[in-house]
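Me: Please take me through this model one topic at a time, with the cut-offs stated as each term comes up.

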Amino acid sequence: MTDNAFEKSPLTLLGLGAMGTALARAWLAAGHPLTVWNRGPGRAEPLAAEGALVAPTAAEAVAASGLVVVCLLDDASVDETLTGVDLAGKDLVDLTTSTPAQARARAAWARERGARFLDGGIMAVPPMIGAPGSGAYVFYSGSRSLFDAHHDVLAVPAGTSYVGEDAGFAALHDVALLSAMYGMFAGISHAFALVRKENIDPTTLAPLLADWLVAMTPSVHASAAQLADGDYARGVVSNLAMQVAGSTTLLRTAEEQGVSSELLTPYLALMERLLADGRGNESTTGVVDLLVR
């Protein structure tokens with residue numbers, strides 16, 4: 001490492017899976033003194049050659065730095081790794097994938113042990129970490145003072161987006177975006193299934209499908225505005241009644257093409273419930289309220 005590396009903030013990283021290793025390499029490349037620990041020591045060896053200090057135990061790794069980043073398999077692994085470890089005065093950043101409830105419980109757990117806590121939801125895959133222009137970023141929630149104190153360090157591997165003092169908000173934002181992604185994947189799968197048996201090259205359909213999905217994205221903002229003001233009929237062009245009527249064509253086409261409609265019918269059923277409630281002049285935004293129990 002260069003002389004100015006030691007002017008940069010040191011930190012500890014627990015967990016060297018694919019994501020943890022990518023994080024470690026980004027911090028090392030930026031010149032941050034880094035202490036690492038992993039349950040299987042073999043994964044630490046390449047990082048040692050790149051300048052990382054390898055701690056033999058999690059407790060020793062935590063003791064080495066004021067800032068401790070955790071990136072393990074799951075919340076149970078965090079519990080197992082940190083049980084009995086002295087966290088007093090430490091700044092603990094948990095980048096382990098978790099639920100909002102788990103993050104809130106971990107924040108309370110950390111406070112009881114004298115540590116400030118920040119939860120993170122990584123919106124990237126390992127190759128995007130530390131890669132300029134990749135679009136990678138991390139949602140953070142919890143201690144604002146911790147986030148502000150270590151922002152420059154946290155911003156090295158990926159962009160940062162602080163979403164609130166509630167420690168569960170990072171995980172909630174993470175899962176909300178991922179859930180929307182899988183809904184999109186479901187629609188893409190159904191679209192390709194419809195043409196699968198036809199003399200249609202899927203690579204010719206792909207750009208049409210991608211452009212169509214991009215064209216539909218403004219509906220996200222329209223739905224958000226309607227949820228905010230409660231007027232689900234404001235600005236509606238294709239109302240619920242029209243969409244339910246048109247859905248019969250979607251279902252009949254699927255049947256004709258020998259394609260299961262199981263990815264479509266749950267959403268269409270919710271639309272039909274809204275229509276039965278006399279809300280045909282509205283958009284489909286009301287589906288959100290039907291989903292909330």
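This is a predicted model: local features need pLDDT of at least 70, side-chain atom pairs count only at pLDDT 80 or more; totals for chains, interfaces and linings use all residues.

**Contacts, burial, helices and voids**

Me: Which residues does Ala26 touch, not counting residues up to four places away in sequence?
Reply: A contact here means heavy atoms within 4.5 Å. Once residues up to four places away in sequence are set aside, Ala26 touches Ile129, Gly130, Val156 and Pro157.

Me: Is Ala26 buried or exposed?
Reply: Ala26 lies in helix 1, where helices (H or I, at least four residues) and strands (E, at least two) are DSSP runs numbered from the N terminus. Buried means under 20% relative accessible area, exposed over 50% and partly exposed in between, with a 1.4 Å probe and protein chains only. Because its relative accessible area is 11%, Ala26 is buried.

Me: With which residues is Ala52 in contact, leaving aside its neighbours within four places in sequence?
Reply: Ala52 sits in the loop between helix 2 (45-49) and strand 3 (53-54), and its 8% relative accessibility is why Ala52 counts as buried. Leaving aside neighbours within four places in sequence, the contacts of Ala52 are Leu28, Leu34, Val36 and Leu47.

Me: How far apart are the end C-alpha atoms of helix 5?
Reply: The expected span of a helix is 1.5 Å times one less than its number of residues. Helix 5 (residues 100-112) has 13 residues and should therefore span 18 Å, which agrees with an end-to-end C-alpha distance of 19 Å.

Me: Against which elements do the buried residues of helix 5 pack?
Reply: The buried residues of this helix are Pro100, Ala103, Arg106, Ala107, Trp109 and Ala110. An α-helix has 3.6 residues a turn, so residues three or four places apart point the same way. The elements that the buried residues of helix 5 pack against are helix 4 (75-82), strand 5 (91-94), strand 6 (116-123) and helix 8 (169-195).

Me: Which residue takes a positive phi of about 80° just after helix 10?
Reply: Helix 10 (residues 218-229) has 12 residues and reaches 17 Å from its first C-alpha to its last, close to the 16 Å expected. Just after helix 5, a positive phi of about 80° is taken by Gly114. Just after helix 10, the residue with a positive phi of about 80° is Gly230.

Me: What is the volume of the largest cavity?
Reply: On a 1 Å grid over the protein atoms alone, a cavity is a set of points where a 1.4 Å probe fits but cannot get out, a pocket is an open set with protein on both sides within 12 Å along at least five of seven lines, and lining residues have an atom within 4 Å of a point. Grid points are joined across faces, edges and corners, and a volume is the space filled by probe spheres set on the points. The structure holds 1 cavity of 30 Å³ or more. The largest cavity has a volume of about 40 Å³.

Me: Which element gives the most to the lining of the second largest pocket?
Reply: About 360 Å³ of space lies in this pocket, and of its 21 lining residues the closest to its centre are Met19, Cys71, Leu72, Leu95 and Thr97. By class, the lining has 11 nonpolar, 8 polar and 2 charged residues. With 3 residues, the element that gives the most to the lining is helix 1.

Conventions. Residues are numbered from 1 along each chain as its sequence is written. Side-chain values use heavy atoms; hydrogens and water are left out. Ala, Val, Leu, Ile, Met, Phe, Trp, Tyr, Cys and Pro count as nonpolar, Asp, Glu, Lys and Arg as charged, and the others, Gly among them, as polar.
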